[in-house]
Amino acid sequence: MKTNNFFMPALALIALLLPLTSSLLDPRFAWVLFLVVVLVSRFFVGHQKITMQCVDVVFYASVLLLTFYFVDTGVSRGMFPLFDGLSDKITFTDMLALWVMLEVTLRYMYSDTVTMDLLSITAGVIAELTLVINGRWSAQFVMLVLALGVASIVVPVAEQIKRALQLFFGSAFILCNISLLIYYTGWLHVNTMSYSIEKSIVGELGLSMLALYILREWDKIPKGTPINRVRMFGLQSKIRRGIKIAICAIAVMVVLGCDMGIGSSTKVAFLTQEGVLTNTIVSLLYQVYEAVQAALNYNLIGISFATFGFSGAIVAMGFVGGSIYLLYRAMQHQSSEKKRLIAIALFEVIQLLVLPVAWELLVLYMLFLYGAVSENGILCDTIKIFFKKQKITPPQ
């Protein structure tokens, strides 16, 4: 059957924009209608395939949607009335902004034109400002780790590592200086935000020390060597170690946060002192504790447990584990374009685990997950292997 090159991008775009219809249609009716369209189209439309064309359409539409949301929420309230309904969908815009940041990272790291560089950086700034006006620490932390996470798993070509680090330091610099943008320019008008000058100073000091360390690693490259021919395995190994240290630090902060409680005193003597550094650490402890609590209660497994009990949590864990296994298998024998789609789907699954779930994006995420595992019979082969191990004859 002939492949239809327009239907799936249009379908992905509709899935993205469905939350905007909440003021016009009952959301349940909208989702049922969407699923009916998907099922019916299987019989009347040509071969449907999730490709990078679908990703491009969703990327540009997402950047435009986040731009309208940022202006309407953070700059001039009510300028775009259609987007007023998204003001109480912080989880939706957070997850969408992080999805855009992943695309920005992948596009910028492998860009070979100035136009693509400028487009990627502009989209990244819009996504970061969206996270800023939403004020969720957990989403901002995931944004900072994202570029480093990608740099830790790709082939460590110096050019790509450099671009990933540029995104990391650029994002961190904006985040450290956002308090100046809020309190000294008057450009942003969001009352729910609270960004401290003290934390900005401590953050910039830490960022400066990290930058000096990275520059020392960069100085090891012999002068005159083409940067696209250098492999920085040592720096990549240190980035991986840094991510592990950050995860361990979060675990320690959660333990200390449990000790402190929310609004109660701490047993750790150091945290009872006054000072810029101590105040920053205490504030960070509260933010980490609250972010982890929100993730545990409102991620895919937490919501499934709250809604359907223990069986719901088991199904959710099975879905996450099965998805990761299928993506791992699909990564073994795929082209570079397909691996990019697999990376997008894997990041979406990770989002469902570490952040509160935005149900409005689940259908779109399912489309990309289907596209990542549907080719080359990965899904069918996995089901056959399962039946074979259980000594069950699969249905014909």
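Which element gives the most to the nonpolar patch? Before I answer, please note that this is a predicted model.

The patch in question covers about 620 Å² of the surface, and its members are L180, Y183, Y184, I197, I201 and L205. Two elements each contribute two or more residues to it, namely α8 (178–183) and α9 (197–218). The answer is α9, which gives the most, with 3 residues. One of the patch residues, L205, is located in helix α9. L205 has a relative accessible area of 54% and therefore counts as exposed, the cut-off being over 50%.

Let us now turn to the interior. As a general point, nonpolar side chains in soluble globular proteins tend to be buried together. Here, the largest nonpolar core comprises 97 residues, and W99, V100, L165 and F368 have the most contacts inside it. Helix α4 supplies the largest share of this core, 13 residues.

Is α4 largely enclosed or largely open? Of its 20 residues, 19 are buried, so the rest of the structure largely encloses α4. This helix runs over residues 90–109.

Finally, I would draw your attention to F368. What does F368 contact, once neighbours within four places in sequence are left aside? Its partners are I50, C54, V55, V58, W99, L341, A345 and E348. Among them is W99, which is also listed with F368 among the core residues having the most contacts.

Thank you for your attention.

Notes. Residues numbered from 1 in each chain as written. Predicted model: local features only at pLDDT ≥ 70, side-chain atom pairs only at ≥ 80, totals over all residues. Heavy atoms only, no water. Patch = residues over 30% accessible without salt bridge, like charges linked within 9 Å, V, L, I, M, F, W, Y side chains within 5 Å. Areas by Shrake-Rupley, 256 points an atom, 1.4 Å probe, with all protein chains shown as cover. Salt bridge = Lys/Arg side-chain N within 4 Å of Asp/Glu carboxyl O. Helix = DSSP H or I, 4+ residues; strand = E, 2+ residues; numbered from the N terminus. Buried < 20%, exposed > 50% of the residue type's maximum accessible area, 1.4 Å probe, protein only. Expected span 1.5 Å × (residues − 1). Core = buried A, V, L, I, M, F, W, Y, C linked by side-chain atoms within 4.5 Å. Contact = heavy atoms within 4.5 Å.
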